[in-house]
Amino acid sequence: MKESLKEKRIRLVLIGFFIFLVICGFLYRFEIGENQDLVKDKDHSPLALVLKKSEDMNDNPVIVLYEYRNSKHILAAYEIERTNRYKFNTLHVIELEEAPEQISPDRTNEGIWVKANKKWTYYSQSLHEEERTPKYRITNSSSDSPYSFDDKTAILTINSDQSIVLEKGEKPTGLFSLSYDGSVWLVVTKRNIKIAAIDPK
């Protein structure tokens, strides 16, 4: 039976409509996937802890840092070279199963405590998981140094007389002294970390 002109037009319209639906489906799925990845990245803010402070320019501080990178929860220990533009040298690195809620120091400074899913786990300086009595954990906030922050100027003030300028839109979530004389600081924001060298006066 020969197809009429009207039937041919209806068939072509239907084919075009279904192709349009398929394309829209793919675009929607892609957009949802991208948004979910963005949400995941925003949900996992960096966390930091200082294992060793620097005594002078030739003595490098050591920190532990949690970051969400390439869809992985990374916990790493770094030595920061003060004489080489504060280069981060990786000492140890492990992958965690989930994002930590908090990290705290140990009373003997031999390692760190990581809280994930409401459970504390102890890791040695080389980031090996070990059994340890919880009494050695120090209750620690997200920052080991008090500070104030002005949203309008993006200036972080320490001890009322020292200041660090952040980029517009950045907000600090933690501040850690990397040296005993107060000349080097680690600033943690919701998206990244920053090393700031200031004159301790």
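Analyst: Start with Lys 152, which is exposed, with a relative accessible area of 73%. Keep in mind that this is a predicted model.

User: Why is Lys 152 called exposed?

Analyst: Exposed means over 50% relative accessible area. Lys 152 has 73%, so it is exposed.

User: Where does Lys 152 lie?

Analyst: Lys 152 lies in the loop between β9 (148–150) and β10 (155–158). Its C-alpha is 9.1 Å from that of Gly 169, and the two are 17 residues apart in sequence.

User: How do you know whether Ile 198 is buried or exposed?

Analyst: Compare its value with the cut-off. Buried means under 20% relative accessible area. Ile 198 has 16%, so it counts as buried.

User: What does Ile 198 touch, not counting residues up to four places away in sequence?

Analyst: Ile 198 touches Ile 158, Gln 162, Ser 163, Ile 164, Gly 182, Ser 183 and Trp 185. Trp 185 is 13 residues away in sequence, and 8.1 Å away in space, C-alpha to C-alpha. Ile 198 itself lies in the segment after β14 (193–197).

User: What makes Glu 79 partly exposed?

Analyst: Partly exposed is the range between buried, under 20%, and exposed, over 50%. Glu 79 has 27% relative accessibility, so it counts as partly exposed.

User: Which residues are in contact with Glu 79, leaving aside its neighbours within four places in sequence?

Analyst: They are Asn 60, Pro 61, Val 62, Lys 87, Phe 88, Asn 89 and Leu 91. Glu 79 has its place in strand β3. Glu 79 and Lys 52 are 27 residues apart in sequence, yet 9.1 Å apart in space, C-alpha to C-alpha.

User: Where does Asn 89 lie, and what does it touch?

Analyst: Asn 89 lies in strand β4. With residues up to four places away in sequence not counted, Asn 89 touches Ala 77, Tyr 78, Glu 79 and Glu 81. From Asn 89 to Val 62 there are 27 residues in sequence and 9.4 Å in space, C-alpha to C-alpha.

User: What is the phi of Asn 70, and where is Asn 70 found?

Analyst: Asn 70 has a positive phi of about 50°, and it is not a glycine either. Asn 70 is found in the loop between β2 and β3. With 73% relative accessibility against a cut-off of over 50%, Asn 70 counts as exposed.

User: What makes a group of residues a nonpolar core?

Analyst: The largest one here has 15 residues. Those with the most contacts inside it are Val 64, Tyr 66, Leu 75, Leu 96, Ile 112, Val 114 and Tyr 123. Two or more residues each come from β1 (47–52), β2 (62–69), β3 (72–81) and β6 (111–116). β2 gives the most, with 4 residues. Apart from this core lies another, of 13 residues, among them Ile 80, Val 184, Leu 186 and Val 188.

User: Why might nonpolar side chains be found together?

Analyst: In soluble globular proteins, nonpolar side chains tend to be buried together.

User: Which residues line the largest pocket?

Analyst: Its lining is Ile 94, Leu 96, Glu 97, Glu 98, Val 114, Ala 116, Lys 119, Thr 121, Tyr 123 and Glu 129. They divide into 5 nonpolar, 1 polar and 4 charged. β7 (119–124) gives the most to this lining, with 3 residues. The volume of the pocket is about 270 Å³.

User: How many helices and strands are there in the protein?

Analyst: There are 1 helix and 14 strands. Of the 201 residues, 35% count as buried.

Conventions
Residues numbered from 1 in each chain as written. Predicted model: local features only at pLDDT ≥ 70, side-chain atom pairs only at ≥ 80, totals over all residues. Heavy atoms only, no water. Core = buried A, V, L, I, M, F, W, Y, C linked by side-chain atoms within 4.5 Å. Buried < 20%, exposed > 50% of the residue type's maximum accessible area, 1.4 Å probe, protein only. 1 Å grid on protein atoms, 1.4 Å probe; cavity = no way out; pocket = protein on both sides within 12 Å on 5 of 7 lines; lining within 4 Å. Points joined across faces, edges and corners; volume = space filled by probe spheres on them. Nonpolar A, V, L, I, M, F, W, Y, C, P; charged D, E, K, R; others polar. Contact = heavy atoms within 4.5 Å.
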